[in-house]
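The structure is shown first.

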Amino acid sequence: MDNVIFLDLSRRAKLRIAGTDRLRFLNGQITNDLRKASETSAIEACILNAKGKIDAHIFVSASGESFSVDAAADLRETLKVRLERYVIADDVQIEDVTGQFSLFHVLSQQSPALDSGRIVSVRRFAERGWDIWVDAAQHGALLQELSLQWILCDSDAAEVMRIEQGIPRWGRELTNDIIPIEANLEQRAIDYQKGCYIGQEVISRIKMSGQTNKRLCGLISLDDLPLEPGMKLAAPSAPGKEVGWVTSATRSKRLGKEIALGYVKRGFNSANTRLDAFATEDSEPKPVRGIRVEVVPLPFH
């Protein structure tokens, strides 16, 4: 297991969902089939509003007589409130356990052999990986144990890897304005065969039509100039028309290129389409800088 890397995800928000109605309740809230989650395998899912837009992006596993949910740290307050809103006459208890547990993730084909922690198979990135849940008091000891065997991937390196793989994250590609299919989450986080859940009608309608208004794409800077989140995208073939925006950007040493993720509208998001990325100033609505970019499939190669 040489060159195996691991990440410290302990800052992520964590909830424990218990009660005799926990499976029926939570399955009615998420896009994936909760019956696929176990104590040794987690699922990825989205929680939507009635319009099919994302309220939260989560990972779920079973833990004894409860489910363990983790999400981006920014969702710690809103996720619990969002779920509790739909607890009517259900026997369901939702507890914030963020401070009680530490969470690590090891990117490896083989399960790590450790003396402590609950080990859960989950695909957070393109490659197979393993979550390790431990009591918060064991954080330092487990960090040291993992560091003796593998390489700790810091947040900057993890962000480059995430962008290269085209993995959307909360606060960048995933927001309250995005439908999960637009973020390429069909295969990862949606089960079209499961029962009803909030927002399902919108998701089913998009699947039937086969069309989305926009799609998360890879972008390469043809000028080798850095791209920035928030940049707008325009098409030379449609002067003055905004056709998308940049959500995340980095320089890939592996590719030797400036790359980015961004949403591009239908009609302009085919591979090899050339666009212009530009920044705007609040007092100056017209483009003040243009960078030629090319739309490419994800993940980056």
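Is Trp245 buried, partly exposed or exposed? Trp245 is partly exposed, with a relative accessible area of 27%; buried means under 20%, exposed over 50% and partly exposed in between, with a 1.4 Å probe and protein chains only. The model is predicted, so local features need pLDDT of at least 70 and side-chain atom pairs pLDDT 80 or more, while totals for chains, interfaces and linings use all residues. Residues are numbered from 1 along each chain as its sequence is written, and side-chain values use heavy atoms, without hydrogens and water.

**Aromatic pairs**
- There are three aromatic pairs, counted for Phe, Tyr and Trp (six-membered ring) with centres within 6.5 Å; planes under 30 degrees apart are stacked, over 60 edge-to-face and the rest tilted.
- Phe101 and Trp133 are edge-to-face, at 5.9 Å centre to centre and 75° between the planes.
- Trp133 is buried at 7% relative accessibility.
- Trp245 and Tyr263 form a tilted pair, with 5.4 Å between centres and 40° between planes.
- Tyr263 is buried, with a relative accessible area of 1%.

**Charges over rings**
- The charged end of Arg124 sits over the ring of Phe59, 4.2 Å from its centre (NZ of Lys or CZ of Arg within 6 Å of the ring centre and within 35 degrees of the ring normal).
- Lys207 has its charged end over the ring of Tyr192, 4.5 Å from the ring centre.
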